[in-house]
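Hi everyone, thanks for making the time. I'd like to walk you through a structure that may be new to you, so please have a look at the screen.

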Amino acid sequence: HVPFKRLGKEKLIVTPGSKKRNSRAAEIDATCDAVVIGAGFAGMYMLYRLRELGLSTRVYEAGNGVGGTWYWNRYPGARCDVESMQYSYSFSEELDQNWSWSEKYSPQSEILDYANHVADHFDLRKDIFFDTRVTAATFNASRGRWLVETERGARISVQFCIMAVGCLSAANFPSFKGMDNFEGPIYHTGEWPHDGVNFNGLHVGVIGTGSSAIQSIPIIARQAASLTVFQRTPNYSVPARNKKMDLEYEQKIKENYPALRAKARARPAGFYFPVNTKPTFEATPEERKNQFEKLWEIGGLPFLGAYGDLLFEKEANDTIAEFAREKIRSCVNDQETAQLLCPDNVFGCKRLCVDTEYYETYNLPHVNLVDISQKPIEGFTRKAVVAGGVEYPFDAVVCATGFAAMTGSFDKIRITGRNGLTLTEKWKAGPKTYLGLSSVGFPNLFLITGPGSPSVLANMIPAIEQHVDWMVDCIAHMQNVGAKTI
Ligand code: FAD
């Protein structure tokens with residue numbers, strides 16, 4: 001794909017002094033029906049649907065290209081954990097038929113290619129302003145309109161303001177003491193350098209053991225001279241058993257894609273895989289073991305479908321959790337390390353991770369796991385990370401510390417609704433929304449997969465489509481009945 005820049009189309013407004021700025025207070029640079037903030041899968045599909053409805057729409061995107069998550073997360077090993085035949089848009093049968101995935105779980109670069117393909121195919125770019133961060137959105141109650149402001153100084157008046165800012169898009173940078181003095185590079189998996197990082201021969205520290213860490217650690221370990229992983233909380237992970245796309249399987253799905261999409265939509269998580277509805281304890285211990293083994297061999301999230309009550313009955317959940325822990329203990333040679341890697345929380349409550357040789361990586365002689373659950377990281381020196389009173393010298397550090405999830409990207413925008421209340425103030429004690437779609441006091445502000453919706457506990461592209469379709473139906477209904485705000 002070719003990164004696309006639209007610099008210049010939007011006026012860069014220079015405001016040398018406050019007087020001048022005040023005199024601009026009433027000026028509007030553009031008026032349109034809707035602004036969409038973010039050009040990931042949510043923003044792109046929303047633009048497509050609003051155009052269909054005939055609304056003049058602008059999309060503002062902080063990055064220099066489409067794809068959102070897949071534009072920013074370029075760390076080694078980044079790939080989807082819902083199989084690609086289902087982690088993709090379902091709104092266009094033509095798209096479904098014309099696109100081919102090369103692997104069962106496609107890598108970041110291919111998902112980004114797909115996002116670019118969609119942008120080109122549906123000619124989306126002409127309404128997207130890249131490299132432009134939205135800084136504020138203010139509701140004017142008397143006019144029933146939002147004023148959206150960008151970091152480039154543009155002010156746009158719109159009826160609808162649509163937040164497609166992502167649940168996992170505001171990188172969570174830890175602020176350890178002395179971090180600024182560290183002489184080597186410090187990376188964050190969610191803002192990975194576009195030209196890659198070569199860890200060959202380096203002593204590397206990875207902070208975190210969430211999904212990004214679980215995907216990247218085996219690959220970084222292959223390059224690094226030594227790798228030290230700092231773990232606060234272990235996560236359950238199931239082997240992906242990723243493989244090249246089986247062309248027969250692809251063909252079979254494509255012959256009846258709408259049926260698969262419909263089955264996926266009918267599932268609570270928007271993702272179809274066979275679920276054995278039988279209760280766990282109707283099976284004998286031996287049958288259970290065989291069932292778990294069979295699905296462990298298949299790999300991936302379908303492991304959760306072993307029995308119908310695994311996510312609802314604690315005793316049933318204990319059986320699958322213990323099976324997973326046993327797998328860790330049998331995979332990792334050093335039993336002290338294995339024990340540290342064993343979670344003791346509910347299996348599948350946090351989104352399950354999917355890996356390729358994650359646990360096996362700890363058998364390599366140059367890979368070391370440090371438990372920071374009791375003795376946290378104290379800080380950085382010029383050349384090392386200090387934890388539990390021990391200095392760990394590194395050439396480079398990777399923060400796989402995830403995101404300010406759900407609300408992080410909302411907090412970065414000053415969103416002011418009725419009566420001057422900001423969304424951040426309203427959500428101070430936790431976000432309050434209607435089904436994650438909207439929040440009282442913020443009329444015509446729609447949140448795609450906002451907090452309180454299934455979002456990251458679901459296959460997110462169908463979840464996005466469901467929200468967008470509902471919002472577009474709602475806007476169409478408003479037009480029909482002549483409503484100005486909702
Ligand atoms: P995003 O893709 O996060 O896009 C939001 C966009 O908004 C970003 O480009 C951001 O730059 C932009 N933005 C934010 N604030 C502003 C602002 N103020 N001004 C302008 N632009 C702004 N989900 C699954 O279902 N299956 C998976 O396998 C899966 N794998 C994942 C792997 C990783 C590494 C991560 C981080 C997430 C994964 N997810 C997965 C979740 C993923 O985030 C969603 O699937 C989906 O890509 C979200 O799309 P989105 O458009 O809602 O948000």
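**Around the ligand**

Let's begin at the ligand, where a backbone N or O atom of A62 lies 3.0 Å from one of the ligand's nitrogen atoms. Before I go on, please keep in mind that this is a predicted model.

A polar backbone atom of D81 is 2.6 Å from an oxygen atom of the ligand. For V82, a backbone N or O atom lies 3.4 Å from an oxygen atom of the ligand.

How many residues surround the ligand? There are 34 of them, and the closest are E61, T69, D81, Y87 and M460.

Hold on to M460 for a moment, please, and let's move to the helices. Helix α15 covers residues 460-481, and it packs with helix α2, residues 41-52, at an angle of about 35°. The axes of these two helices are 10 Å apart, and their crossing is right-handed. On the α2 side, the contact is made by F41, A42, Y45, M46, R49 and L50. On the α15 side, you'll find I461, I464, E465, V468, D469, M471, V472 and I475. What classes do these residues fall into? Eleven are nonpolar, three are charged, and none are polar.

My last stop is another pair of helices. Helix α9, residues 285-298, packs with helix α10, residues 314-331, at about 60°, and the axes are 11 Å apart. At that angle, α9 and α10 are therefore oblique to each other. The crossing here is right-handed. From α9, the contact takes in R288, K289, F292, E293 and W296; from α10, it takes in T319, I320, F323, A324 and K327. Sorted by class, this contact of α9 with α10 has five nonpolar residues, one polar and four charged.

That's my tour, and I'm happy to go back to any part of it.

Technical notes
Residues are numbered from 1 along each chain as its sequence is written. This is a predicted model: local features need pLDDT of at least 70, side-chain atom pairs count only at pLDDT 80 or more; totals for chains, interfaces and linings use all residues. Side-chain values use heavy atoms; hydrogens and water are left out. Axes are lines fitted to C-alpha atoms, for helices over the stretch in contact, and angles run from 0 to 180 degrees between N-to-C directions. Helices (H or I, at least four residues) and strands (E, at least two) are DSSP runs, numbered from the N terminus. Angles under 35 degrees count as roughly parallel, over 145 as roughly antiparallel, 65 to 115 as roughly perpendicular and the rest as oblique. A crossing is left-handed if the near helix is turned anticlockwise from the far one by less than a right angle, and right-handed if clockwise. Contact means heavy atoms within 4.5 Å. Ala, Val, Leu, Ile, Met, Phe, Trp, Tyr, Cys and Pro count as nonpolar, Asp, Glu, Lys and Arg as charged, and the others, Gly among them, as polar. A residue is near a molecule or strand if one of its heavy atoms lies within 4 Å of it. A polar contact is a pair of N or O atoms within 3.5 Å; within protein, one must be able to donate a hydrogen and the other to accept it, and residues adjacent in sequence count only if both atoms are side-chain atoms.
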